[in-house]
Amino acid sequence: MSFGENILQYKDDILRDLKTLLEIRSVSSESEENCVRALDFVLKRAEEMGLETKNTDNIAGHVQLGSSGKLCGVLTHLDVVPAGKNWTVEPFTLTRKDGRLFGRGIDDDKGASIIDLYCLKALKDSGIEGKNTLRAIFGTDEEIGMTDMETYFKSEPLPDLSFTPDSDYGICFAEKGILQIKIYSDRNDGTVLSAIKAGDAVNAVPDEAKALLYVSESETNHLKAASKKYDGKFNFIDTIDGLVIESFGKASHACEPEKGFNAALALTEFLNGEFSEEEVGSLCDFIGFAVRRETDGTSLGLKMRDYVSGDLSCNLGKIRLNDNSAYLTLDIRYPVTMSGKSILARVEKSAELRDLKVEVIHHAEPLYLPKESRTIELLSSAYESVIGEKPELYSTGGGTYARMLGGKGVAFGPAFKDDNVNMHNADESIDEEKFFLHAKICLETMYRMYTEEI
């Protein structure tokens, strides 16, 4: 029996604390206060367990076991993306249904956070003497830029070996570069298109978008009829301010935009198809010729791939258009052997054609860890002892704390690739048996980090 089996004795306590954590609406793009509440809750529970804790500027913190040897870390985040639409259960609580655990953050990343905490408790309760120092490190703004870890590591050392359970099993040895940019104008120059609002997060495919237009009754009737020839679901509302067109899609994570249906791109394709550039304005027209309905950046001149991490992906996450301003955001995940500076230059060249400006919101360089590293060796052996087979090594377009770890950490779990967890989408959930299988793998891994030579 692997040491990881010991986590199952805490199953009821894990679910109780997970329910409490999910009920804290720690959406980092909306409420810094709630993110602090989530961090306070985890650190307080750790103290009640007799573990050492430290809060770093109310934006990150850690729970520690041991004080010798090498420093080993497990990093998770307590913030989540907005709930969005179309949930069949209440998003901000724990729902157990049909063998699954539902709630915003159950997979990304609150579930793993609670598991990390109880892994430390299990090790402490066992009385095992460790050779190394083990830290569970918690952040609160991973979803909007990872300044939490930038702040944390200004005063704390980087771990010598680490992982972040914020992706899938097996082991993610390469993460694509992430370039998040804002393309904008100081004004709305459209004569018919008055406003657009779409998306709540840069790193998610928007599942809803709305546009306000100044049109006549006959033009409204034409648009209703014309909408049937476009790929999308549209709704029309006559208001005192003009015609509102609603567009509906399906959310997904920006690292896999092809798995969603971008409501904003469906709407702008419709508008660009029925109106001139002058009528919709520069920003909407830019989307029509440079972004289109693509997820690979072809029209921006960005279509590329490499043998390590695969294809570039491009997602339009937000649009905001009103009388005084106009902007959109793009989330570009580029292959590990490519240059972010070169990609940015190509976007800037396209934006210049419509006199639009470009601003970098966030840029994270790619991560690539050799398969022969001690980190991958230890994680592989722990996984194999629980599952009975070696883990797959893979690359991802997702962005995790691993890229903050100076080449000494990777993403590892918590989801299994045959489990549709709906990350960043409605009805985020995880199979309950697989959730506790992750818990066993995590404890086995942390046990080895704590007790083996690093």
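Me: Which element gives the largest share of the lining of the second largest pocket?
Reply: E12 does, with three residues. The model is a predicted one, in which local features need pLDDT of at least 70 and side-chain atom pairs count only at pLDDT 80 or more, while totals for chains, interfaces and linings use all residues. Residues are numbered from 1 along each chain as its sequence is written, and side-chain values use heavy atoms, with hydrogens and water left out.

Me: What is the class make-up of the lining of the second largest pocket?
Reply: The lining has eleven nonpolar, four polar and nine charged residues. Asp200, Asp207 and Glu208 belong to the charged class because that class is made of Asp, Glu, Lys and Arg; Ala, Val, Leu, Ile, Met, Phe, Trp, Tyr, Cys and Pro count as nonpolar, and the others, Gly among them, as polar.

Me: How much space lies in the largest pocket?
Reply: About 1000 Å³ lies there, and about 440 Å³ lies in the second largest pocket. Each volume is the space filled by probe spheres set on the grid points, which are joined across faces, edges and corners.

Me: Which residues lie nearest the centre of the largest pocket?
Reply: They are His253, Cys255, Glu256, Lys259 and Met423, out of 50 lining residues. Strand E8 (167–168), strand E10 (177–185), strand E19 (357–364) and strand E21 (393–396) are the elements that give two or more residues to that lining. The largest share, three residues, comes from E21. By class, the lining counts twelve nonpolar, 20 polar and 18 charged residues.

Me: Why is a set of residues called a nonpolar core?
Reply: A set is called so because its members are buried Ala, Val, Leu, Ile, Met, Phe, Trp, Tyr and Cys residues joined through side-chain atoms within 4.5 Å. The largest such core has 65 residues, and Ile14 and Met446 have the most contacts inside it. Helix H11 (residues 432–451) gives the most to this core, nine residues. A second, separate core of 50 residues includes Ala209, Ala211, Leu271 and Ala326.

Me: What does Met446 touch?
Reply: Leaving out residues up to four places away in sequence, Met446 touches Val74, Asp116, Cys119, Leu120, Leu123, Leu134 and Phe163. Contact means heavy atoms within 4.5 Å.

Me: How do you know whether Cys119 is buried or exposed?
Reply: Buried means under 20% relative accessible area, exposed means over 50%, and partly exposed lies in between (1.4 Å probe, protein chains only). Cys119 has 0%, so it counts as buried. Cys314, at 5%, is buried.

Me: Why is Glu246 called buried?
Reply: Its relative accessible area is 12%, so Glu246 falls in the buried class. Glu246 is in strand E14 (residues 242–248). It touches Ala209, Lys210, Lys233, Phe234, Asn235 and Ile237, not counting residues up to four places away in sequence.

Me: What is the phi of Asp98?
Reply: Phi is about 55°, a positive value, although Asp98 is not a glycine. Asp98 lies in the loop between strand E4 (95–97) and E5, and is exposed at 73%. Asn422, another residue other than glycine, has a positive phi near 55°, and is partly exposed at 22%.

Me: Which residue is joined to Asp108 by a cis peptide bond?
Reply: Asp109 is, with omega about 15°. The bond from Tyr169 to Gly170 is cis too, with omega near 0°.

Conventions:
1 Å grid on protein atoms, 1.4 Å probe; cavity = no way out; pocket = protein on both sides within 12 Å on 5 of 7 lines; lining within 4 Å. Helix = DSSP H or I, 4+ residues; strand = E, 2+ residues; numbered from the N terminus.
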